[in-house]
Amino acid sequence: MTVAVSAGTEEWVRRVLNAHWPGPPWEECALRPLTVADARPLTHTAGLWNVSGPGARHVLKVQLNPEAVRVDGFAPLKDRIITHCRRRGVPALPLVPTAGGRPGVRADGLVCELSPLSAGTVSTGEPDQVAAVLRTGLDLREALDGLPSAVARELAAVPLPRLVEEEHWPAALDDAERRLLPKAERGTGPWHRAAAEVLRELCAAAPLLRREADGGAARSAARTGVVHGDLHLQHFLLAREPDRVVAVLDFDNLHVGDRLLDLAWLADTVAHACGEDREGARRALAAFLSEGRRRGLIGAGDATRLMPVLMAYSLPVIVDIAKDILDRDILLPQWLDYFALLSPGRRLAVHGLLTGTDRR
């Protein structure tokens, strides 16, 4: 996993804005790294700049990791998908076109995109906020299901970038069980303890993953479609009175795959938003299943597949971060946030709540 470098200087950002986006007097705008509720967004591959001033409240996203850059045809396709979702009522942030009418630009080899700044904040776990995230996530899944088949065919030709050393989850899991967990447990520092904790959770969830791989296809047939692929808690920004989602963020992982991945992310996200409130999570997940089935988004057997689909998708990321810590000595504060975000222990508990096998 390549580590992002600094997002560049204010002068560089201002030069990019002046060169490629017409309109506001960028010289009069204040530039500072973006924060949400006084915290930096969870990313290690992009630099995000808050651009605020007279008539201008924007976010400039600079993709710093060359390995994360999609092919040039991806940006207009993403723009079309976002526009479709917005027309269906999903509050996806639009991309501000450049002077040449493009949804983004390469500047000094770095991909840059401009979008409006949302004043929303991440959920604090209040029931009305959790319900708003749930409702918007299902709206998004419905909108993606409604895309023309031609869009899916175009997107299928644009592969996701390879950001981890081992993408095949069984091989990554084998490395975690045989080598990385023992190595983490032999260490004594806080980074070793953090890696050991998440790897123990991963190994505890392994039987569920392997069971699904052996017999899951018989319970529920996979349905492919356009997938957002990253519907975690920080990608839903909310406003209050009434609680509502005002922005769904980061469509950079759009791809064609198992559409249950988005629904699995959403189930995990509503549970994550509930924090330690297990009964709140139980109610939120019951509402997720009820509303998902009512809308025809969740079919027979799907509830059993959701968490295995999500854990198989994210397991290589967890293992690669553990390698950064244990093998490469790359120690970034974001790694702890990623471990919390991708927690296999929470997802194992969510599986129990979704399938009625929870014993607590």
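In the hairpin of β7 and β8, which has 4 residues between the strands, Glu241 takes a positive phi near 55 degrees. A cis peptide bond with omega of about -10 degrees joins Glu241 and Pro242. The model is predicted: local features need pLDDT of at least 70, side-chain atom pairs count only at pLDDT 80 or more, and totals for chains, interfaces and linings use all residues. Residues are numbered from 1 along each chain as its sequence is written, and side-chain values use heavy atoms, with hydrogens and water left out.

**Confidence**
- The average pLDDT (the predictor's confidence in each residue, from 0 to 100) of the chain is 90, and 92% of the residues score at least 70.
- Residues 1-7 have a pLDDT below 50, and this stretch has 24 contacts in the model beyond near neighbours in sequence; contact means heavy atoms within 4.5 Å.

- Helices (H or I, at least four residues) and strands (E, at least two) are DSSP runs, numbered from the N terminus.
- Strand β7 (residues 236-239) and strand β8 (residues 244-248) pair in the antiparallel sense over 4 bridges; two strands pair if DSSP finds at least two bridges between them.
- Phe236 has Val248 in β8 as its bridge partner.
- Pro242 lies in the loop between β7 and β8.

**Five-stranded sheet**
- An open sheet of 5 strands runs in the order β1-β2-β3-β5-β4, with antiparallel pairing.
- β1 (30-33) and β4 (105-107) are at the edges, each with a single partner strand, so one side of each is left without a neighbour in the sheet.
- On average, neighbouring strands of this sheet are turned by 30 degrees against each other, direction ignored.
- Strand β2 (residues 46-53) pairs with strand β3 (residues 56-63) in the antiparallel sense over 8 bridges.
- The bridge partner of Gly53 is Ala56 in β3.
- Asp108 is in the loop between β4 and β5 (110-116), and has a positive phi of about 55 degrees although it is not a glycine.

- Axes are lines fitted to C-alpha atoms, for helices over the stretch in contact, and angles run from 0 to 180 degrees between N-to-C directions.
- Angles under 35 degrees count as roughly parallel, over 145 as roughly antiparallel, 65 to 115 as roughly perpendicular and the rest as oblique.
- Helix α3 (residues 127-145) packs with α7 at an angle of about 175 degrees, with their axes 10 Å apart; α3 and α7 are therefore roughly antiparallel to each other.
- Val130, Val133, Leu134, Gly137, Leu138, Arg141 and Leu144 in α3 meet Asp262, Leu263, Leu266, Thr269, Val270 and Ala273 in α7.
- The contact of α3 with α7 has 9 nonpolar, 2 polar and 2 charged residues, where Ala, Val, Leu, Ile, Met, Phe, Trp, Tyr, Cys and Pro count as nonpolar, Asp, Glu, Lys and Arg as charged, and the others, Gly among them, as polar.
- Helix α7 (residues 260-273) also packs with helix α11 (residues 344-355), at an angle of about 105 degrees and with their axes 10 Å apart; α7 and α11 are therefore roughly perpendicular to each other.
- On the α7 side, Trp265, Ala267, Asp268, Ala271 and His272 meet Arg346, Arg347, Val350 and Leu354 in α11.
- This contact of α7 with α11 has 5 nonpolar, 1 polar and 3 charged residues.

**Helices α9 and α10**
- Helix α9 (residues 302-326) and helix α10 (residues 334-341) pack at an angle of about 155 degrees, with their axes 11 Å apart, which makes α9 roughly antiparallel to α10.
- Ile318, Ile321, Ala322, Asp324 and Ile325 of α9 make the contact with Trp335, Tyr338 and Phe339 of α10.
- By class, the contact of α9 with α10 has 7 nonpolar, no polar and 1 charged residues.
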